[in-house]
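Trainee: I would like to go through the labels used for this model and ask what each one rests on.
Mentor: Go ahead, with the structure in view.

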Amino acid sequence: METFQSASALIAARKPEKPIIGLRPHAAGRAARWFLSHFQGDVAYAYKANSTPFLIGALYGAGIRHFDVASLPELEDAKTIPDATFHFMHPVKSRHAIRRAFLLGCRSFSLDSEDELKKIVDETGGATDLSLWVRIAVPAINAIIPLENKFGITGAAAVRLLMKTRQAAKSLGISFHVGSQTVTPEAYGAALGAARKLIGRAGVVIDGIDVGGGFPARYSIDPPAPLADFMTVIREGFAALPVSGECKLMCEPGRALVAESESLIVRVDARRGNDLYINDGSYGMLFDAAHLGFAFPVRLVGRQVRDPNAIAPFEFWGPTCDSIDHMKGPFMLPASVREGDYIEIGNTGAYARAIAGKFNGFGFYEEVILKDEPIFTMYGDDAATHVQRTPALA
Ligand SMILES: Cc1ncc(COP(=O)(O)O)c(C=O)c1O
């Protein structure tokens with residue numbers, strides 16, 4: 001793969017026809033090292049967020065050895081990673097998927113119903129070496145993508161399931177997910193509080209607590225709370241649980257580990273007022289911008305503008321015929337942006353390429369390595385306060 005100092009250097013060297021994914025494996029490595037040194041437990045990377053080998057290699061090189069997989073295809077894809085421990089954390093799995101995962105050496109499964117427990121016990125032949133995680137539903141607080149409606153068990157049913165699962169598990173854990181892109185840490189405190197009550201009511205020994213993913217990436221001038229604050233809340237909530245010193249902690253970050261490790265570089269094919277028609281969109285890597293309102297950070301690359309302070313808000317339209325293919329932004333760019341310009345859309349490393357499809361013949365990307373820093377980072381020396389005032393300028 002070709003390497004460039006920056007997206008600007010790439011565009012100065014050539015004018016690509018297809019959208020380009022600019023990989024920054026160093027950013028994934030930095031995020032992984034941060035989590036491994038600040039989180040007091042196992043850090044399981046949520047494989048679904050981005051499974052491109054360059055980034056998996058960077059995470060692995062930084063020391064990540066645990067992987068949260070959410071499907072059998074993900075596990076099949078990841079199974080050759082040496083010395084890896086896999087956790088199959090989708091609470092609803094087919095019987096075939098459980099059986100095959102067990103054959104591949106996976107011993108860690110999540111569940112949120114007695115039916116799923118029975119499936120796991122049946123399909124693993126009543127194995128005595130399983131780690132089983134009961135997923136509880138917890139409220140989403142300040143999460144951009146709440147996840148509490150689809151999975152998770154609560155109340156008396158959760159107490160019953162914990163007691164039943166205890167009989168089948170070598171290691172019994174509680175897991176939850178506070179929702180993706182949770183920008184303040186209270187949700188983790190509330191979720192650990194809910195776990196505390198359930199453990200008290202069930203009266204069972206708990207061997208593990210999995211606080212899930214949900215840790216934020218930085219997409220705008222207003223940063224989320226510093227990741228260190230999340231660690232503090234988790235440490236305090238965990239310390240208050242009625243568990244022994246043997247109980248292990250785990251987390252499953254996806255977004256926070258890889259968001260900064262890719263940019264999307266697009267070309268402006270038309271400008272109509274402040275609407276820019278670009279060569280990727282909601283059916284490609286900008287699903288989150290179209291459907292969840294993510295205003296990814298942007299900068300014009302490969303051209304110097306005369307007045308760098310003249311910045312204006314723009315909306316994006318993708319290349320397909322569909323009017324859903326619209327990213328409202330606002331994306332702040334030099335007011336003089338014009339047809340033929342290239343724009344770097346930053347911090348698209350989480351979920352964007354994983355979701356991209358090929359509707360209308362689009363969805364093909366070139367890839368390059370970029371050596372410079374992402375537009376925004378959660379992991380700089382001054383990560384807590386870092387503000388880049390001119391994100392629109394390369
Ligand atoms: C079970 C589970 N774990 C981890 C993740 C990763 O979440 P995030 O990318 O918000 O860290 C998800 C995302 O949907 C998930 O469903």
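Trainee: Which residue is the bridge partner of Val134 in S9?
Mentor: In this predicted model, Val134 has Ile174 of S9 as its bridge partner.

Trainee: What makes strand S7 and S9 a pair?
Mentor: Two strands pair if DSSP finds at least two bridges between them. Strand S7, residues 131-135, and S9 have 5 bridges in the parallel sense, so by the cut-off of at least two bridges they pair.

Trainee: Which strand does S9 pair with over 3 bridges?
Mentor: That is strand S11, residues 208-210, again in the parallel sense. Ile174 has Ile209 as its bridge partner in S11. Ile174 is also the bridge partner of Val134.

Trainee: Why is S9 called largely enclosed by the rest of the structure?
Mentor: Because 4 of the 5 residues in S9, residues 171-175, are buried. Buried requires 20 or more other C-beta atoms within 10 Å.

Trainee: Is Gln304 buried or exposed, and how do you know?
Mentor: Gln304 has 10 C-beta neighbours inside 10 Å. The cut-off for exposed is 12 or fewer, so Gln304 counts as exposed. Gln304 sits in the loop between strand S15 (298-301) and strand S16 (311-317). From C-alpha to C-alpha, Gln304 is 9.9 Å from Ser8, although 296 residues separate the two in sequence.

Trainee: How many residues surround the ligand, and of what class?
Mentor: There are 16, and the closest are Ala46, Ser180, Gly213, Gly254 and Arg255. By class, the shell has 7 nonpolar, 6 polar and 3 charged residues.

How values were computed:
Residues are numbered from 1 along each chain as its sequence is written. This is a predicted model: local features need pLDDT of at least 70, side-chain atom pairs count only at pLDDT 80 or more; totals for chains, interfaces and linings use all residues. Helices (H or I, at least four residues) and strands (E, at least two) are DSSP runs, numbered from the N terminus. A residue is near a molecule or strand if its C-beta atom, placed from the backbone, lies within 6 Å of it. Ala, Val, Leu, Ile, Met, Phe, Trp, Tyr, Cys and Pro count as nonpolar, Asp, Glu, Lys and Arg as charged, and the others, Gly among them, as polar.
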